[in-house]
Amino acid sequence: MQLYDPTSSGPERSLSRAAALATLDGKTIGILENGKLNAVEMLREVAALFEARHGCVVRPIYSKSNASAPAPAGVLAQALTEVDFLITGLGD
């Protein structure tokens with residue numbers, strides 16, 4: 001019997017979280033929907049809470065067609081120039 005080690009080796013990645021926003025008041029929200037059923041509707045409801053509670057402005061919705069894959073770099077680059085933060089979540 002031959003056994004294989006399932007771990008992979010590769011370059012180490014250094015990941016870090018973005019700095020927290022000092023306030024949400026008046027910020028611009030981006031919505032990133034994942035293509036699942038009801039995702040857009042659910043995220044619009046969440047965004048409405050930010051609008052009501054913090055005076056946020058909601059931008060058009062960004063989309064990714066595959067819920068299992070990361071958002072395309074171009075979508076994230078566009079959002080970076082247009083919004084202060086993104087919200088995302090699953091539908092179903």
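**Exercise 1. Which residue in S2 does Thr28 stand opposite?**

Solution. The structure is a predicted model.
Step 1: locate the residue. Thr28 lies in strand S1, which covers residues 28–33.
Step 2: look across to S2. The residue opposite Thr28 there is Val57.
Step 3: check the pairing of the two strands. S1 and S2 are joined by five bridges, in the parallel sense.

**Exercise 2. Decide whether Thr28 is buried or exposed, and list its contacts beyond its sequence neighbours.**

Solution. 
Step 1: take the relative accessible area of Thr28, which is 18%.
Step 2: compare it with the cut-off. A residue counts as buried under 20%, so Thr28 is buried.
Step 3: collect the contacts, leaving out neighbours within four places in sequence. Thr28 then touches Val57, Arg59, Glu82, Val83, Asp84 and Phe85.

**Exercise 3. Describe the sheet and the helices that pack on it.**

Solution. 
Step 1: recall how strands are held together. Strands of a sheet pair through backbone hydrogen bonds, either parallel or antiparallel.
Step 2: order the strands. The sheet is open and has three strands, in the order S2-S1-S3, with parallel pairing.
Step 3: find the edges. Strand S2 (57–63) and strand S3 (85–88) are the edge strands, as each pairs on one side only.

**Exercise 4. Summarise the chain as a whole.**

Solution. 
Step 1: count the elements. The chain has two helices and three strands, and from the N terminus they run β-α-β-α-β.
Step 2: consider the dimensions. The C-alpha trace spans about 65 × 30 × 25 Å along its principal axes. The radius of gyration is 17 Å, whereas a compact globule of 92 residues would have one near 12 Å.
Step 3: consider burial and surface. Of the 92 residues, 24% are buried. The accessible surface is about 7,000 Å², and carbon and sulfur atoms contribute 55% of it.
Step 4: consider the contacts. Among contacts with a separation of 6 or more, 75% join residues 24 or more positions apart.

Definitions and conventions: Residues are numbered from 1 along each chain as its sequence is written. This is a predicted model: local features need pLDDT of at least 70, side-chain atom pairs count only at pLDDT 80 or more; totals for chains, interfaces and linings use all residues. Side-chain values use heavy atoms; hydrogens and water are left out. Helices (H or I, at least four residues) and strands (E, at least two) are DSSP runs, numbered from the N terminus. Buried means under 20% relative accessible area, exposed over 50%, partly exposed in between (1.4 Å probe, protein chains only). Contact means heavy atoms within 4.5 Å. Two strands pair if DSSP finds at least two bridges between them. The radius of gyration is taken over C-alpha atoms; the globule rule is 2.2 Å times the number of residues to the power 0.38. Accessible areas come from the Shrake-Rupley method with a 1.4 Å probe; for residues, only the protein chains shown count as cover.
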